[in-house]
Amino acid sequence: MSDRQIKKIVIVGGGSAGWMTAAALANAVGQSCSITLVESESIGTVGVGEATIPPIKYFNQTLGIDEATFVKETQGSFKLGIEFIDWAEKGKAYFHPFGRYGAEFDSVPFYHYWMREHLAGNVDSLDDYSMAWVAAKNHRFDHPMRDKRQIQSTYDYAYHFDATLYAQYLREYAEARGVTRFEGKVVAANLCAEDGFIEAIKLENGDVIDADFFIDCSGFGGLLIEKTLKTGYIDWSHWLPCDRAVAATCERVGDTLPYTKSTAKDAGWQWRIPLQHRTGNGYVYCSQYKDQDTATETLLNGLDGAPTSEPKHLRFTTGMRKEFWHKNCVAIGLSAGFMEPLESTSLHMIQYAIMRLIAMFPDKDMSPLLQEEYNKLTREEYERIRDFLILHYTATQRDDTEFWRYCKNMSIPDTLQYKIDHFQNGGRIVSHAGELFTNPSWIAVYIGQNIIPSRAPAITQMRSHVPVSDRLKNIHDAMADAAAHMPNHDDFIANYCQSAALQ
Ligand code: FAD
């Protein structure tokens, strides 16, 4: 063993970020070094974060987690995408599906042909060509097929789960693999006078825990990365102005929908996340245009079942740390930055931060080159997701409240304007390598929010011999038929992963 090898890791925080990190590091490096997690029950966790996106499956697979057991233990359900209601204009809904649109029948992408036919007035809804939506709207779910020739291979899925049960599940996993948990409040950190590295953290009861490497998963406060190392924060509130949320759970009513709902409200939007034992709800809003009491009233009036928890109030500032990795400390989770949960990206960003960290795992020297690359990649990830989220707001046609008028008229990042310009002028999607949201996601939101290109891509006009309308009809019919043969989502859960409490 090299004497520069890391022997002790301390994770501060036991929310989803802390336990996801502990579980993954226990799996990856736990044989070679000790991992300690410190959390404070009196401080608690943010307690939300229940909707995910498809790559979470790979996180679980890497950890060797059995899907059925996992969904069962976390009272989870399956998610085929997000329905956005009243975002473009009041009364209009669209679906952001997991997976792609249609099926390829030519070298020209499906959505280019859809656009041509749409502009010619021959087809209407793009949603009708998404296998995920055709299943979701019929409350159906099944695992996608692997055979790429089948229409049932064109969708993907993620999970909804109970955030507290998720952290508990990962805690058991991590502790079974040697992670040591300390209960207590961290009150200070000792810095090395020579190089400014963190040497140890001090707990309220006087205990001191030293380590070579510290992972800050302490939530919004950023105990180590900000309060100790003072790395600074970039504020994006002018582009994503929501800064508060009120969350409440309610009794589940009716079928467990295999998708998340996001409904635009006067000064933000409301989420609905269906689980096996309850439904999670929250109103994300902008405090400049809505006070806490009215927001709470809006949320509670919009529940479809009796409330089962007191409303929980949360405050945040959208943005990111100037540095995510500084000296011998990496911030993961809410301590690294925050973007509202509109596209369920936070847990994903935790997952990718962990994967990036494992791929660039340092020794005690904490190579500045590694830090630079890690920070660059993380910054790019944040900025790209940020632009995708802003698109939902800037592309509204709503002008019925001050909040929506602000969103409609605000300036937006040049990087996003460039993408919108390309789409408006000929339906081109500009995407970057490694971008989380790929072409179908951008198309879903462009079209859903009424950004319609002035003309279809030129190539579609040059392929008049392709029997497009026949192909579209076949795809449409094949999707309807496939959905009709899928199990109902609740039956699927009952047969595969029903929580013991509901059996
Ligand atoms: P926290 O849950 O806040 O955990 C912080 C931990 O640090 C706690 O254990 C706390 O006790 C500990 N701690 C803090 N200070 C100290 C101290 N001094 N000493 C000891 N311990 C300390 N993400 C999604 O992917 N999907 C969603 O649908 C989604 N919805 C969201 C809705 C809202 C309104 C918000 C605000 C966030 C949402 N998120 C969502 C984000 C998601 O909740 C977080 O990314 C995730 O829960 C990780 O949080 P965390 O572990 O970083 O922080």
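Helix H9 gives the most to the shell around the ligand, with three residues. The model is a predicted one, in which local features need pLDDT of at least 70 and side-chain atom pairs count only at pLDDT 80 or more, while totals for chains, interfaces and linings use all residues. Residues are numbered from 1 along each chain as its sequence is written, and side-chain values use heavy atoms, with hydrogens and water left out.

The shell holds 34 residues, and the closest are Gly-14, Ala-51, Val-186, Leu-334 and Leu-347; a residue is near a molecule if one of its heavy atoms lies within 4 Å of it. By class, 17 of the shell residues are nonpolar, 14 are polar and three are charged. Here Ala, Val, Leu, Ile, Met, Phe, Trp, Tyr, Cys and Pro count as nonpolar, Asp, Glu, Lys and Arg as charged, and the others, Gly among them, as polar. Domain 1 (8-50 + 162-232 + 319-384) and domain 3 (244-315) each supply at least three residues to the shell; the domain bounds come from an automatic or database domain assignment.

A backbone N or O atom of Gly-14 lies 2.8 Å from a ligand oxygen. For a polar backbone atom of Val-46, the distance to an oxygen atom of the ligand is 2.9 Å, and for one of Glu-50 it is 3.5 Å. The protein buries 96% of the 1,000 Å² that the ligand exposes when taken alone, by the Shrake-Rupley method with a 1.4 Å probe. Helix H1 (16-29) and helix H9 (346-359) are the elements that give two or more residues to this shell; helices (H or I, at least four residues) and strands (E, at least two) are DSSP runs, numbered from the N terminus.

Turning to the strands, an open antiparallel sheet has the order E8-E9-E10, where two strands pair if DSSP finds at least two bridges between them. Its edge strands are E8 (186-191) and E10 (208-210), each pairing on one side only. Five bridges link E8 to E9 (residues 198-203), and Leu-191 stands opposite Ile-198.

Elsewhere, strand E4 (residues 81-85) runs parallel to strand E14 (residues 260-265), joined by four bridges; Phe-84 has Ser-262 as its bridge partner. E14 also pairs with strand E15 (residues 268-274), in the antiparallel sense, over five bridges. A hairpin of two residues joins E14 to E15, and Lys-261 stands opposite Arg-272.

Conventions: Polar contact = N/O pair within 3.5 Å; in protein donor to acceptor, adjacent residues only side chain to side chain.
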